Amino acid sequence: LHALSMCTCLKTFIFVDSNLDTEGIEVLNRVLIHNADTLEDFILFNELIGDKGLEQLSQGLQHLHKLRRLNFSNAGLTSKSIPTLNLIISHMPALTNFSLSGNKIGYSGLESITPALQQCKHLKQLQIRNIGLEREDEGHPAL
């Protein structure tokens, strides 16, 4: 990952099952910032960074104004991540695809992120499978 921190021409970054730790997220932030002008796809799949990891990673993600596809499937996120996600999304006017599948954000998280997603004028695909809607959540009936 350190070797990538100086690369400045990435269009797609896919990270799967890599067990990112705090140091890895710091390096990843540098990679994102160095590639902010070219990066269009950021996929973090099966990386259990959790709410705190996302907050740390947001430092780099906020620079990705040209990003079109953002995927946080199975990242260990909860509804506590929604304010951070709202902030990240607000810096991505070109976003067309967004996935939160496999994160337990529940009804409250889904309701809280909806206004930010409505501001994404180019959003065409939203993936929200298995986000904790199958059980009762804050007074909403189970699906």
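**View 1. The buried residues of helix 3 are Ile-82, Thr-84, Leu-85, Ile-88 and Ile-89.** Around the helix axis they cover an arc of only 155 degrees, which puts them on the same side of helix 3. In this predicted model, Pro-83 and Ser-90 are exposed on the other side of helix 3. The buried residues of helix 3 pack against helix 2, strand 3 (69-71), strand 4 and helix 4 (106-118).

**View 2. Helix 2 (residues 50-61) packs with helix 3 (residues 82-90).** The angle between the two helices is about 5 degrees and their axes lie 10 Å apart; because angles under 35 degrees count as roughly parallel, helix 2 and helix 3 are described as roughly parallel to each other. In this contact, Leu-54, Glu-55, Ser-58 and Leu-61 of helix 2 meet Thr-84, Leu-85 and Ile-88 of helix 3. Sorted by class, the contact of helix 2 with helix 3 has 4 nonpolar, 2 polar and 1 charged residues.

**View 3. An open sheet is formed by 5 strands in the order 1-2-3-4-5, with parallel pairing.** Strand 1 (12-16) and strand 5 (125-127) are the edge strands, each of which pairs on one side only. From one strand to the next, the twist averages 5 degrees.

**View 4. Strand 4 (residues 97-99) and strand 5 run parallel and are joined by 3 bridges.** Ser-99 has Gln-127, in strand 5, as its bridge partner. Strand 4 is also among the elements against which the buried residues of helix 3 pack, whereas strand 5 is an edge strand of the sheet.

Note on methods
Residues numbered from 1 in each chain as written. Predicted model: local features only at pLDDT ≥ 70, side-chain atom pairs only at ≥ 80, totals over all residues. Heavy atoms only, no water. Axes fitted to C-alpha atoms, helices over the stretch in contact; angles between N-to-C directions. Helix = DSSP H or I, 4+ residues; strand = E, 2+ residues; numbered from the N terminus. Parallel < 35°, antiparallel > 145°, perpendicular 65-115°, else oblique. Contact = heavy atoms within 4.5 Å. Nonpolar A, V, L, I, M, F, W, Y, C, P; charged D, E, K, R; others polar. Pairing = 2+ DSSP bridges. Buried < 20%, exposed > 50% of the residue type's maximum accessible area, 1.4 Å probe, protein only. Arc of directions from axis to C-beta.
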